[in-house]
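Please look over the sequence and the model shown here before reading on.

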Amino acid sequence: MHMGQDFGSTQFFRVGAEPEVQVKDVLNTVYNAMVEKGYNPVNQIVGYIMSGDPTYITSYKGARSLIIKVERDELVEELLKSYIRHKAWEED
């Protein structure tokens, strides 16, 4: 007899899920970090989205490690949603 403990069953340990990363917050942080470092954020973010190469994004303020947590198609989706929301379909 095992004095109050059941060693025959499997115990489960659950770690709390990491908070979901908000794509718009990632883009905002990355954009600001790129501007602060003197980079053209549009060119650099497009370079990253097209190639998947995270070196297009500065590591300043954790921007690179943040952007790689988001799928590239999610970045494109968020950018397109924002574009549509701001009625940018109209000609300049």
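## Lys61 and its loop

With a relative accessibility of 54%, over the 50% cut-off, Lys61 counts as exposed. Lys61 sits in the loop that joins helix 2 and helix 3. Its phi is positive, about 55°, although Lys61 is not a glycine. The model in which these values were computed is a predicted one.

## Overall makeup

The protein contains 4 helices and 0 strands. Read from the N terminus, the order of its elements is α-α-α-α.

Of its 92 residues, 20% count as buried. Among the contacts with a separation of 6 or more, 45% are between residues 24 or more positions apart.

## Helix 1

Helix 1 covers residues 23–36. At 1.5 Å a residue, its 14 residues should span 20 Å, and the C-alpha atoms at its ends are 20 Å apart, which agrees.

Which residues of helix 1 are buried? They are Val23, Val26, Leu27, Val30, Ala33 and Met34. These residues cover an arc of only 135° around the axis, so they lie on the same side of helix 1. An α-helix has 3.6 residues a turn, so residues three or four places apart point the same way. The buried residues of helix 1 pack against helix 2 (41–51), helix 3 (63–67) and helix 4.

Thr29 is also part of helix 1. At 30% relative accessibility, Thr29 counts as partly exposed. Thr29 and Ala63 are 34 residues apart in sequence, and their C-alpha atoms are 6.5 Å apart in space. After helix 1 comes Gly38, which has a positive phi near 90°.

## Helix 1 against helix 4

Two packed helices are described by the angle between their axes and the distance between the axes. For helix 1 and helix 4 (residues 72–85), the angle is about 90° and the axes are 10 Å apart. Angles of 65 to 115 degrees count as roughly perpendicular, and helix 1 and helix 4 are therefore roughly perpendicular to each other.

Where do the two helices meet? On the side of helix 1, the residues are Val23, Lys24 and Leu27. On the side of helix 4, they are Glu74, Leu75, Glu78 and Leu79. The residues of this contact divide into 4 nonpolar, no polar and 3 charged. Val23 and Leu27 are also among the buried residues of helix 1.

The 14 residues of helix 4 should span 20 Å at 1.5 Å a residue; the end C-alpha atoms of helix 4 are 20 Å apart, which agrees. Just after helix 4, Lys87 takes a positive phi of about 50°.

Glu78 belongs to helix 4. Is Glu78 buried or exposed? Its relative accessibility is 17%, under the 20% cut-off, so Glu78 counts as buried. Leaving out residues up to four places away in sequence, Glu78 touches Val23, Lys24, Leu27 and Arg85. Val23, Lys24 and Leu27 are the residues of helix 1 listed in its contact with helix 4.

## Gly47 and Tyr56

Gly47 is located in helix 2. With a relative accessible area of 12%, Gly47 is buried. Apart from its neighbours within four places in sequence, Gly47 is in contact with Gly52 and Tyr56. Gly47 and Ile57 are 10 residues apart in sequence, with 8.8 Å between their C-alpha atoms.

At 34% relative accessibility, Tyr56 counts as partly exposed. What does Tyr56 touch, not counting residues up to four places away in sequence? The residues are Met34, Gln44, Gly47, Tyr48 and Ser51. One of them, Met34, is a buried residue of helix 1. The C-alpha atoms of Tyr56 and Val46 are separated by 8.7 Å, and the two residues are 10 residues apart along the chain.

Key:
Residues are numbered from 1 along each chain as its sequence is written. This is a predicted model: local features need pLDDT of at least 70, side-chain atom pairs count only at pLDDT 80 or more; totals for chains, interfaces and linings use all residues. Side-chain values use heavy atoms; hydrogens and water are left out. Axes are lines fitted to C-alpha atoms, for helices over the stretch in contact, and angles run from 0 to 180 degrees between N-to-C directions. Angles under 35 degrees count as roughly parallel, over 145 as roughly antiparallel, 65 to 115 as roughly perpendicular and the rest as oblique. Contact means heavy atoms within 4.5 Å. Ala, Val, Leu, Ile, Met, Phe, Trp, Tyr, Cys and Pro count as nonpolar, Asp, Glu, Lys and Arg as charged, and the others, Gly among them, as polar. The expected span of a helix is 1.5 Å times one less than its number of residues. Buried means under 20% relative accessible area, exposed over 50%, partly exposed in between (1.4 Å probe, protein chains only). The arc is that of the directions from the helix axis to the C-beta atoms.
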